[in-house]
Amino acid sequence: MDLTKIISGINSKKLIISVFGLGRIGLPTALMFTRAGYNVIGVDIDKDLLNDLKKKKTFIDEPGLLDLLNKAIQKNLIEFSSDFEYAVKKANILIICVPTPISENKVPDYSAIKDISDKIGNSLTQGQIIICESSVSPTTIRDLIIPIIEKKSELKLNKDFGVCSCPERADPGKIVDNFDKVTRIVGGSSYKIGKVIIELYESITNANIIQLSTPGTANAVKLTENIFRDVNIALINELAVLYEKLGIDVKEVIKGASTKYNFQPHYPGPGVGGPCLPANPYYIIQDADKMDYIPFLIRVAREVNDRMPAYTLDLITDALNYVGKSVKGTRITVLGLSYKADIKDIQISPSLKVAHLLKEKNASIQVWDPYYKGKIIKDIKILDSFQEALKETECIVLLTDHKEFRDINFQHIMKIKNEDSPLVLVDSRNIYDPDNLPKGIVYCGIGRKILET
Ligand SMILES: NC(=O)c1ccc[n+]([C@@H]2O[C@H](COP(=O)([O-])OP(=O)(O)OC[C@H]3O[C@@H](n4cnc5c(N)ncnc54)[C@H](O)[C@@H]3O)[C@@H](O)[C@H]2O)c1
């Protein structure tokens with residue numbers, strides 16, 4: 001495949017880049033190319049989203065993103081379109097950022113990948129390179145994307161067009177900042193194509209970029225990182241549940257174990273959430289299935305982590321029983337719904353799951369999350385202020401460790417509490433030190449026995 005046009009286009013910034021899927025990954029990616037001076041066509045099936053973007057509006061809460069969007073529009077470097085044929089024909093580089101969720105029955109849903117591969121194949125011309133930033137299994141590019149594109153376009157991989165995998169590894173909440181910091185991984189359909197795509201990313205970011213031998217290897221790297229984390233969190237969750245029963249404090253254990261040179265601390269919690277960790281293991285599980293291989297550890301880790309919201313409910317129940325109350329009818333203040341600290345994102349959030357479990361048990365919950373002030377999230381009303389959430393509270397359940405929850409003034413809460421019985425505090429992220437809490441609190445964390453302060 002002749003790559004001279006792409007190489008000279010990188011040097012002159014004269015390439016046209018089409019980005020398909022303008023969500024949490026696609027929009028920042030598109031804007032990073034405009035930041036470097038490239039012309040970008042941003043494509044999506046969601047016309048409302050495209051109209052919002054044209055008006056410089058986005059639902060994505062990422063520091064620095066709106067500024068990039070304003071600049072790109074001001075400099076006329078981005079156009080938004082739902083015309084896939086136009087976007088495929090016009091561009092030199094086509095970047096896939098469509099969603100790859102898992103279905104209810106825990107199977108990867110590659111319908112958007114199939115759809116975009118069809119559309120790319122229908123209009124592809126010689127000399128173009130397709131980059132897949134979506135998270136997919138190690139076999140998806142080889143066995144799904146490339147065959148669809150070759151069949152539809154009647155063009156040949158590496159002779160007429162190239163394919164590259166560059167799975168996104170940025171940390172939600174820091175995606176713009178991470179763009180120049182987190183090492184990129186690139187695997188091309190040929191060594192030369194991978195090398196050219198490295199040059200392309202080098203022209204837009206200061207981050208390190210490493211080349212892997214195939215697109216599938218790059219996807220395996222991305223999945224390995226996330227599965228590594230999921231399995232390790234499952235291990236510490238399992239130990240936390242056991243240690244609580246044995247009367248041993250898991251926080252103290254992790255602190256002690258961390259003094260050994262080869263121990264990597266992971267922390268227990270109410271479950272594992274977000275777009276990647278709870279989904280990515282199922283991509284590998286499906287590939288393993290095709291090979292008649294059962295990845296026991298990966299499967300069990302998923303089950304352990306999926307059980308944590310129910311365990312958290314048990315913990316809340318035990319703590320309330322300890323003071324002679326039950327979940328039903330008790331006024332419980334729930335803190336945090338995001339799946340992790342300091343971001344506005346509830347995708348597969350264990351905190352949301354625990355809140356729903358409490359509702360199912362007829363608890364009288366009052367929910368506060370600064371990122372969703374006054375909103376209704378999946379039938380749960382979020383209050384307008386923290387003060388409101390404290391009204392007549394009998395129990396506080398911390399589910400997401402947003403920064404502002406670390407400095408809660410429990411002295412003040414104990415003062416305004418109008419009931420004689422102790423305040424129950426369930427700390428599902430183990431962020432509080434019971435030694436520093438005022439008297440009159442019944443405290444429990446994940447993997448920590450119930451304590452009275
Ligand atoms: N969000 C993250 O933090 C994160 C991190 C790393 C990797 N990823 C991966 O990046 C990919 C994209 O995820 P996301 O979080 O940006 O998803 P998202 O849901 O935020 O956005 C996806 C966008 O794609 C659009 N879309 C859906 N089907 C389409 C189609 N057929 N053609 C064109 N557009 C289509 C949707 O309208 C939406 O705007 C996924 O594979 C995900 O696993 C996400």
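Visitor: Which residues are closest to the ligand?

Guide: A residue counts as near a molecule if one of its heavy atoms lies within 4 Å of it. Here 23 residues surround the ligand, and the closest are Arg-24, Ile-25, Asp-44, Thr-100 and Asp-115. Keep in mind that this is a predicted model: local features need pLDDT of at least 70, side-chain atom pairs count only at pLDDT 80 or more, and totals for chains, interfaces and linings use all residues. Numbering starts from 1 along each chain as its sequence is written, and side-chain values use heavy atoms, with hydrogens and water left out.

Visitor: Which ligand atoms do the polar side-chain atoms of Asp-44, Thr-100 and Asp-115 lie by?

Guide: A polar contact is a pair of N or O atoms within 3.5 Å. Asp-44 has a polar side-chain atom 2.6 Å from a ligand oxygen, and Thr-100 has one 2.6 Å from an oxygen of the ligand too. On its own the ligand has 830 Å² of accessible area (Shrake-Rupley method, 1.4 Å probe), and the protein covers 90% of that.

Visitor: In what order do the strands of the sheet come?

Guide: Strands are DSSP runs of E, at least two residues, numbered from the N terminus, and two of them pair if DSSP finds at least two bridges between them. In this model, 8 strands form an open sheet with mixed pairing, in the order 3-2-1-4-5-6-7-8. Its edges are strand 3 (78-81) and strand 8 (209-212), each pairing on one side only.

Methods:
Polar contact = N/O pair within 3.5 Å; in protein donor to acceptor, adjacent residues only side chain to side chain. Helix = DSSP H or I, 4+ residues; strand = E, 2+ residues; numbered from the N terminus.
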